[in-house]
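Look over the structure, try each task, and then read on.

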Amino acid sequence: MADALFLAISVLTIGSAIAALEMRSLVYGSIALMGTLGGVAGFYVMLDSPFVAMFQLAVYVGSIAVLILFTVMLVKRELIFKKIEDPKRKFAGIGLMLIVILALGAIIMDSGIKTISTDSDPVDFREIGGDFLVYYWPALILMALILAGSVMGALVLARREDTIENEQ
Amino acid sequence: MSVIAPKFRLGYFLKGIFDNAFWILTIVTLAGIPAIQIALFFAPLPVIDGQLLTAFLAFTWLFNPTMQVPLIKALIYSDLFRIAAFPGFGFAVLIAAATIFVERKMLAKLQLRVGPFYCGKIEGILQLAGDGLKLISKEIIIPAKADKPLFWAAPVLFVGTAAAFVALIPVAPGGWVVADLDVGLLAVFAVIGFFPIITILSAWSANSKFPFIGGIRALHQMVSFEIPLILSLLGVVILTGTLNLSEIVESQSSFPWIIFMPIGAIVFFTTMLAELERIPFDLPEAESEIVAGWLTEFSGMMYGLVQLGSYLKLYAFAALFVIIFLGGWTGPVFWPPLETELITEGIPIPNYAGDPILTVNTPGLPLLDKDPNEWVLQQQGELQYTSGQLLVSGVIWFVLKTVGVIFFILLPRGVFPRIRLDMLLHIGWYKLIGLSFVNIFIALGLVYAGVIGPGGIL
């Protein structure tokens, strides 16, 4: 059952990733990208970490994909992109992808991933939260400050003087 | 004089009936029965009284008066019932339908009109059924230059996402929820994130200017109000230390969180109105500016599906407000408590001399308990209730509170005008986010002052 699910999610993820690259329509390409990100969330669920899976869905599918869709819809495709049909480039791309995948696979297989036991209990997300608040609190506070600073910066940049004067 | 069927002939009528019966029988025999048998092969069958409940046995017991109650109980405690009927889709659709009708009548009363009046003798009570029949029987028109796959898929996806949201809502004590997740609240955030995608895709696929303007507005509104929505609920998570919605409800057995976090409740209610596209935030559907916003090109049952999805979403949001701030199903139990001996040993009936001659067992009392041989008694204070009693009382409290919240969601539609887009974004990005941070600081203050939380006073 788990193997069938793993295969199904793998096919979904890789297939929609290829579709995202190959689709001529940008909107359908971004939908396929959503499929890829959702498939990664499915892998997280299979790895007993629903916390990360839900964040993957909420952040990547819910926000990043919406951002991409929003950008794509406001752009006229014909004016920017020219079709380049060149079989040499295509084969070169596929070959490069195969080399990269083989290299990554070799590295991962050489690492200690085989020695990890697979039937250990999943880590509770409450423990991860506790670790963040106890051991890694300076990093957490630094990240919070950077995020707050970037949000404030965005608000300042987006601030329009004329509308505020109109309201007064 | 108009006649409904001017060329009516009894022979054609009977032929039509026989034709239909023939085709139905043929299709059921060739496809339906094999499909049922294949499904039964994979479906987990319940065990009643030590006997595996096969389909044949179920049909037999259907006509056996002593086995009907266990049969119904086995049905009620099956996963299919949970998904399709009670805490899941059917229950939510009933509340959504009631919401549509009440909204129309209530707005009419607020604006000194009568509202739906003719369908059904009493206050137009059948108007909803009439509208549903109309929507089903109308033609579905697809715009010629629409992107057809996306345009067809959008209403279905919308209803599906709303149903996924409904599936996360716990309704009654004892695990009456379709999907009881440890990360329930995060799952709610993830599901809410899908609505803007579906909205903008359907708006784009219609290939028409009004839906596109409405879709862009909806995207602005939903994306910018999602942040205060998430932040306003974090205070409760800090106080309870859990993301499981059932545990959040059980943490409010003595007082609801709205007492400590009224600011969070107000922020969540406002963002809820914006996410549901209701007045005063109904810019995506502004009917006086852009026809019907992103719903303009939908017709027939596709429009019906989108409306069904949006009312399911309304119910789910109201239920989420009840669960997080108003204490969900907690409340005084309506039923009188039962003596334990009354259930476990029965009622002794004396004869004229006072000697007990027979004992009346009352298996009907804990009607909704799972197994009639194991009385599930639960202590609440000093009183003892069966889990069936707690279930009924919890559902009544939950529905009462949810209906109250839905009333307050509907109310602004009769009162407020629509606000401008820049004012909406200003409210979302400046005021609500600031207020939700104030709410988080209140929660942190309560925890660190030792009032609530682990080792707190309360």
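**Getting started**

Chain B has 16 helices and 6 strands, where helices (H or I, at least four residues) and strands (E, at least two) are DSSP runs numbered from the N terminus. This is a predicted model, in which local features need pLDDT of at least 70 and side-chain atom pairs count only at pLDDT 80 or more, while totals for chains, interfaces and linings use all residues. Residues are numbered from 1 along each chain as its sequence is written, with chains lettered from A and ligands numbered from 1 in the order in which they are written.

**Exercise 1.** Work out what helix α7 of chain B should span, and compare that with its ends.

*Solution.* Start with the 20 residues, 148–167. The expected span is 1.5 Å times one less than the number of residues, so α7(B) should span 28 Å. Its end C-alpha atoms are 29 Å apart, which agrees.

**Exercise 2.** Find the kink in α7(B).

*Solution.* Go to Ala154(B), shortly before the proline Pro155(B): the kink there is about 35 degrees. The bend is the angle between axes fitted to the seven residues ending at a residue and the seven starting there.

**Exercise 3.** Describe the side of chain B that touches chain A.

*Solution.* First, count: 17 residues of chain B are in contact with 17 residues of chain A (C-beta atoms, placed from the backbone, within 7 Å). Next, α9(B) gives the most, with 5 residues. Finally, sort them by type: 14 are nonpolar (Ala, Val, Leu, Ile, Met, Phe, Trp, Tyr, Cys and Pro), 2 charged (Asp, Glu, Lys and Arg) and 1 polar (the others, Gly among them).

How values were computed:
Two residues are in contact if their C-beta atoms, placed from the backbone, lie within 7 Å.
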